[in-house]
Amino acid sequence: MKKVILKLFSFYIKSSIHVAFSVVSLALISLRVAHCEPTANLLIFIFCCALFAYNFVKFFPVVMEKKNENFYNPIFVLSLVCLLISLYLFINFSLLTKIILIIGGALVLFYTLPINNNFSNLRNVKGWKVYLVVATWILLTVGVPLVSNSVFEKKLFLQLSIIQGIYVFVAILPFDIRDLSSDSRNLNTPPQQLGISRVKTLGYILLFLNFIFSVISFGLKSPMTISEFVSFSFLAYLLKKSHPNNPKYYSSFWVEAIPIFWAGFLYLIL
């Protein structure tokens with residue numbers, strides 16, 4: 001029984017189901033703050049879109065290099081189903097939503113696919129990796145949910161983009177610390193540039209400034225600010241404990257779980 005549970009849990013993480021729930025959770029936060037009721041189609045689309053995008057980024061190089069021993073057929077089937085669902089739901093979105101999604105899709109493609117003979121993809125352009133990830137998350141977790149609202153609030157879009165963008169940037173740091181020994185030096189990730197100790201300090205400062213920005217934007221006693229304080233504190237703790245030899249699922253489960261907790265807490269108190 002224990003082996004079955006561990007196998008299912010491993011599939012849950014490797015298939016990007018967990019990270020897709022995290023993306024949906026950040027989208028739910030945007031919708032809640034905008035006082036917009038989420039629709040099933042929107043949430044299903046964001047989930048499927050995130051799952052396919054993450055698996056495409058992870059497994060496309062594996063497929064191209066024909067390293068089939070590392071390729072999981074159930075994940076391929078799940079990803080294909082999510083792609084088809086995403087394409088079906090994409091048809092009914094507004095023009096502005098489609099434009100945002102096309103931009104996000106282009107970033108994912110350029111992040112993964114070779115552009116020319118000089119370098120393989122944008123992921124391998126020195127220092128770009130983290131900012132490309134942040135940009136794609138913001139488009140899907142802030143842009144798409146707010147554009148789906150009947151009244152698009154530019155100020156709220158900017159506020160949530162800053163808050164979630166900084167959050168995602170800091171949440172990536174434990175992953176970059178974990179991969180410090182395996183990442184190519186050409187990636188020029190924050191831990192490679194600053195070292196583990198300094199990059200952790202940078203993360204703490206960014207989370208603190210993010211909290212102050214939330215206080216200015218929504219007020220000290222607002223549910224958004226309160227939920228942020230708890231979630232940011234948890235992220236700061238996990239960042240503090242991050243090192244290259246963390247347990248297997250330290251980042252891929254616990255760090256990725258924070259948006260799920262954040263959204264649940266926000267909906268509970270708002």
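Trainee: Hi! How many helices and strands does the protein chain have?
Mentor: Welcome! The secondary structure comes to eleven helices and zero strands. Read from the N terminus, the order of elements is α-α-α-α-α-α-α-α-α-α-α. Do keep in mind that this is a predicted model.

Trainee: Okay, and what share of the residues counts as buried?
Mentor: The chain has 270 residues, and 47% of them count as buried. The accessible surface comes to about 14200 Å², and 70% of that belongs to carbon and sulfur atoms.

Trainee: What share of the contacts comes from residues 24 or more positions apart?
Mentor: Looking at contacts with a separation of 6 or more, 72% are between residues 24 or more positions apart.

Trainee: Let's pick a helix. What span should α4 have, and what does the model give?
Mentor: Helix α4 covers residues 73-90, which is 18 residues. At 1.5 Å a residue it should span 26 Å, and its end C-alpha atoms are 25 Å apart, so the two agree.

Trainee: Which residues of α4 are buried?
Mentor: They are Ile75, Ser79, Cys82, Ser86 and Leu89. Seen down the axis of α4, the buried residues fall within an arc of 90°, so they line one face of the helix.

Trainee: And which exposed residues sit on the face turned away from the buried side?
Mentor: There you'll find Asn73, Leu84 and Tyr88, which are exposed. Leu84 also belongs to a nonpolar surface patch of about 680 Å². Other members of the patch include Ile44, Phe76 and Leu80. Helix α4 gives the most to this patch, with seven residues.

Trainee: Where does valine 81 sit, then?
Mentor: Valine 81 is in helix α4, and it is another member of the nonpolar patch. Its relative accessible area is 40%, so it counts as partly exposed.

Trainee: How many salt bridges does a search of the whole structure find?
Mentor: One. Arginine 178 pairs with aspartate 179, and their closest N and O atoms are 2.9 Å apart. As a general point, side chains of opposite charge can pair when their charged atoms come close.

Trainee: Are those two partners buried or exposed?
Mentor: Arginine 178 is partly exposed, at a relative accessible area of 29%. Aspartate 179 counts as buried, because its relative accessibility is 17% and the cut-off for buried is under 20%.

Trainee: What about serine 161, what does it touch?
Mentor: Serine 161 lies in helix α7, residues 154-178. Leaving out residues up to four places away in sequence, serine 161 touches Ile138 and Val142. It is buried, with a relative accessible area of 11%.

Trainee: Last one: is lysine 240 buried or exposed?
Mentor: Lysine 240 is exposed, with a relative accessible area of 53%. You'll find lysine 240 in helix α10, residues 223-240. Apart from neighbours within four places in sequence, lysine 240 is in contact with Lys200 and Tyr204.

Trainee: And how is lysine 240 placed relative to glycine 203?
Mentor: They are 37 residues apart along the chain, and their C-alpha atoms are separated by 9.3 Å.

Technical notes: Residues numbered from 1 in each chain as written. Predicted model: local features only at pLDDT ≥ 70, side-chain atom pairs only at ≥ 80, totals over all residues. Heavy atoms only, no water. Helix = DSSP H or I, 4+ residues; strand = E, 2+ residues; numbered from the N terminus. Buried < 20%, exposed > 50% of the residue type's maximum accessible area, 1.4 Å probe, protein only. Contact = heavy atoms within 4.5 Å. Areas by Shrake-Rupley, 256 points an atom, 1.4 Å probe, with all protein chains shown as cover. Expected span 1.5 Å × (residues − 1). Arc of directions from axis to C-beta. Patch = residues over 30% accessible without salt bridge, like charges linked within 9 Å, V, L, I, M, F, W, Y side chains within 5 Å. Salt bridge = Lys/Arg side-chain N within 4 Å of Asp/Glu carboxyl O.
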